[in-house]
Each structure stands twice: as structure tokens, then as C-alpha cells.
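Biologist: Can you put the model up? I'd like to go through the strands and then a few side chains.

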Amino acid sequence: MAPKLVHAALGDTWINCLFCKGDLFRTRGVKLNSSGMELMKMAWADETATGLICSSCGYVHLFSNEAIQFYRPEKSGKRKM
């Protein structure tokens, strides 16, 4: 099954890829592990971030802000907010 593609926004600002300016992303949760927590076997307590993977070039953007919003792409390709 192909991963679902989304548009993403933070507040009123649409997110575009910093590398290729693409606007469709796959999402993935990312652990922000620290070596100290790994050593103490407490990596589960490390902070997480949202990874947006550009569907055009594969560049990974990381956001620790939980206010990021996802929108399904419209069939016409136009974004609405």
C-alpha cells in the first residue's frame, strides 16, 4: 500500500520543501534520542518530532511543534485552508 501524501501547514503558513519547493509529504514520527538517555536505557522518554518527507526529492524536515496540521491533497492539486 502506498503511503498517504499530505499538505502540511503551521498556523496560516503552508510548508514547502526547503530543497525543491515541493508541497506534498509523507509523515513519520521521529525519536530525538540522546546518548545519555540511551545509556540509562531510558530512550523511551526522549522527545519525539514529526518528520515530513518530501515526496519529490526525499528531503526530511523535522518539526517538534505539535501544532502542525495535515490536509489531504485535493484532486485538482489546489490547496485550501
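What follows is a short exchange on strand pairing, an aromatic pair and a surface patch.

Modeller: Keep in mind that this is a predicted model.

Biologist: Fine. In what order do the strands of the open sheet come?

Modeller: The order is β3-β4-β5, three strands in an open sheet with antiparallel pairing.

Biologist: And which strands stand at the edges?

Modeller: β3 and β5 (60-63) do. Each has a single partner strand, so one side of each is left without a neighbour in the sheet.

Biologist: By how many degrees are neighbouring strands turned against each other?

Modeller: On average 30 degrees in this sheet, with direction ignored.

Biologist: How many bridges are there between β3 and β4?

Modeller: Seven, in the antiparallel sense, with β4 covering residues 48-54. Within that pairing, Gly-29 is opposite Thr-50 of β4.

Biologist: Now β1. What does strand β1 join to by four bridges?

Modeller: Strand β1 (residues 7-10) is joined to strand β6 (residues 68-71), and the two run antiparallel. Ala-8 has Phe-70 in β6 as its bridge partner. β1 also pairs with β2, again in the antiparallel sense, over two bridges. There, Leu-10 stands opposite Thr-13 in β2.

Biologist: What about the turn of the β1 and β2 hairpin, how many residues lie between them?

Modeller: Two residues separate the strands of that hairpin. Gly-11, in the turn, has a positive phi of about 65 degrees.

Biologist: Switching to side chains. How many aromatic pairs does the structure hold?

Modeller: One. Trp-14 and Tyr-71 form it, with ring centres 5.3 Å apart and planes at 65 degrees, so the pair is edge-to-face. The cut-off for that label is over 60 degrees.

Biologist: Which strands do Trp-14 and Tyr-71 lie in?

Modeller: Trp-14 is in strand β2 and Tyr-71 in strand β6, so the pair ties together parts that are 57 residues apart in sequence.

Biologist: Last topic, the surface. Which residues make the nonpolar patch?

Modeller: Leu-18, Phe-19 and Tyr-59, giving about 370 Å².

Biologist: Where does Phe-19 lie?

Modeller: In the loop between β2 (13-14) and β3 (25-31).

Biologist: And is Phe-19 buried or exposed?

Modeller: Phe-19 counts as exposed, because its relative accessibility is 63% and the class starts at over 50%.

Conventions
Residues are numbered from 1 along each chain as its sequence is written. This is a predicted model: local features need pLDDT of at least 70, side-chain atom pairs count only at pLDDT 80 or more; totals for chains, interfaces and linings use all residues. Side-chain values use heavy atoms; hydrogens and water are left out. Patches are made of residues with over 30% relative accessible area and no salt bridge: like charges are joined within 9 Å, nonpolar side chains (Val, Leu, Ile, Met, Phe, Trp, Tyr) within 5 Å. Accessible areas come from the Shrake-Rupley method with a 1.4 Å probe; for residues, only the protein chains shown count as cover. A salt bridge is a side-chain nitrogen of Lys or Arg within 4 Å of a carboxyl oxygen of Asp or Glu. Buried means under 20% relative accessible area, exposed over 50%, partly exposed in between (1.4 Å probe, protein chains only). Two strands pair if DSSP finds at least two bridges between them. Axes are lines fitted to C-alpha atoms, for helices over the stretch in contact, and angles run from 0 to 180 degrees between N-to-C directions. Rings of Phe, Tyr and Trp (its six-membered ring) pair if their centres lie within 6.5 Å; planes under 30 degrees apart count as stacked, over 60 as edge-to-face and the rest as tilted.
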